[in-house]
Amino acid sequence: MSEWAPRRFYKDATVETAEGGYIVHLDGRPLRTPGKAPLVVPSRGIAEAMAEEWRAQDEKIDPRTMPFTRTANSAIDKVAPQHPEVADMLAEYGDSDLLCYRAESPAELVARQAERWDPLLDWAAREMGARLEPRAGIMHAAQPEAALRLLAERTHAFSPFELAAFHDLVALTGSLVLGFAATRSEHDAEELWALSRLDETFQEELWGEDEEAQQAAEIKRLAFLHAHRFFALCQAA
């Protein structure tokens, strides 16, 4: 049995100004979220990206090909109503940040983690005043409360749209620090993604690549790059 999908019911998608931002119109009718709220986004860039997704649909509408629309829907229907809870959940990554949990062996991996991850921890300490400390092994050891508090304050300061993108930047990498780095223009998104997969890349060098694992990683990489672009467009005029 083939999956049901709604048929395309419009000819064109256009971007219009709206109270609080921009909205996409389908043949003159404004889009709404699944929760029936007006789908108003904070920047024209996001609205244009959404409109292009709607224009690109064929006879049947495939939501899987519409990441900007999905993220905007999530920001309005899911993140905005529970902003403090979402921010708290993401801030908790700081106490178990990927960059802080280091291998005890082999020596080559230990050295590689220090060489490539330490600069990001130094950046967080320098730019955000939050020094997280690395530790060897997988046993949890609490991070300094002052650093976690500063990172939490910055997380709570994001708008619902920024926080929706930030959620994926953090959850896909397992690192609050990498998530924050991805929100800053001085860091390359592809490089940050590669840093989040340092351990997996090391194992692939030793044992070879697994095709299924590579496919899953590619899906996550594209989702990370989308979240990076969505966050950047949140702040564009």
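Trainee: Which side chain meets Arg 55 in a salt bridge?

Mentor: First, a word on what you're looking at: this is a predicted model, where local features need pLDDT of at least 70, side-chain atom pairs count only at pLDDT 80 or more, and totals for chains, interfaces and linings use all residues. Residues are numbered from 1 along each chain as its sequence is written, and side-chain values use heavy atoms, with hydrogens and water left out. A salt bridge here is a side-chain nitrogen of Lys or Arg within 4 Å of a carboxyl oxygen of Asp or Glu. The N to O distance for this pair is 3.7 Å, and the partner of Arg 55 is Asp 12.

Trainee: How many residues apart are Arg 55 and Asp 12?

Mentor: Helices (H or I, at least four residues) and strands (E, at least two) are DSSP runs, numbered from the N terminus. Arg 55 sits in helix α1, while Asp 12 is in the segment before β1. The pair links distant parts of the chain, and the separation is 43 residues.

Trainee: What is the strand order in the open sheet of 3 strands?

Mentor: Two strands pair if DSSP finds at least two bridges between them. β1 (13-18) and β3 (29-30) each pair on one side only, making them the edge strands. The pairing is antiparallel, and the order is β1-β2-β3.

Trainee: Which residue of β2 stands opposite Thr 17?

Mentor: β2 covers residues 21-26 and pairs with β1 over 6 bridges, in the antiparallel sense. Glu 16 has Ile 23 as its bridge partner in β2. For Thr 17, the residue opposite is Tyr 22.

Trainee: Which residue takes a positive phi in the hairpin of β1 and β2?

Mentor: That hairpin has 2 residues between the strands. In the hairpin of β1 and β2, the phi is near 95° and the residue is Gly 20.

Trainee: At what angle to β1 does helix α1 run?

Mentor: Axes are lines fitted to C-alpha atoms, for helices over the stretch in contact (heavy atoms within 4.5 Å). Angles run from 0 to 180 degrees between N-to-C directions. Helix α1 (residues 44-55) lies across β1 and β2, and its angle to β1 is about 155°.

Trainee: How much area is buried between domain 1 and domain 2?

Mentor: The bounds, from an automatic or database domain assignment, are 13-69 for domain 1 and 83-236 for domain 2. Buried area is the accessible area (1.4 Å probe) that two parts lose on being put together, summed over both. Carbon and sulfur atoms give 77% of it, and the total is about 710 Å².

Trainee: Which residues of domain 1 lose the most area to domain 2?

Mentor: On the domain 1 side, α1 and α2 (67-79) each supply at least two of the residues that touch domain 2. Three residues together make up 59% of what that side buries: Pro 42, Ile 46 and Phe 68.
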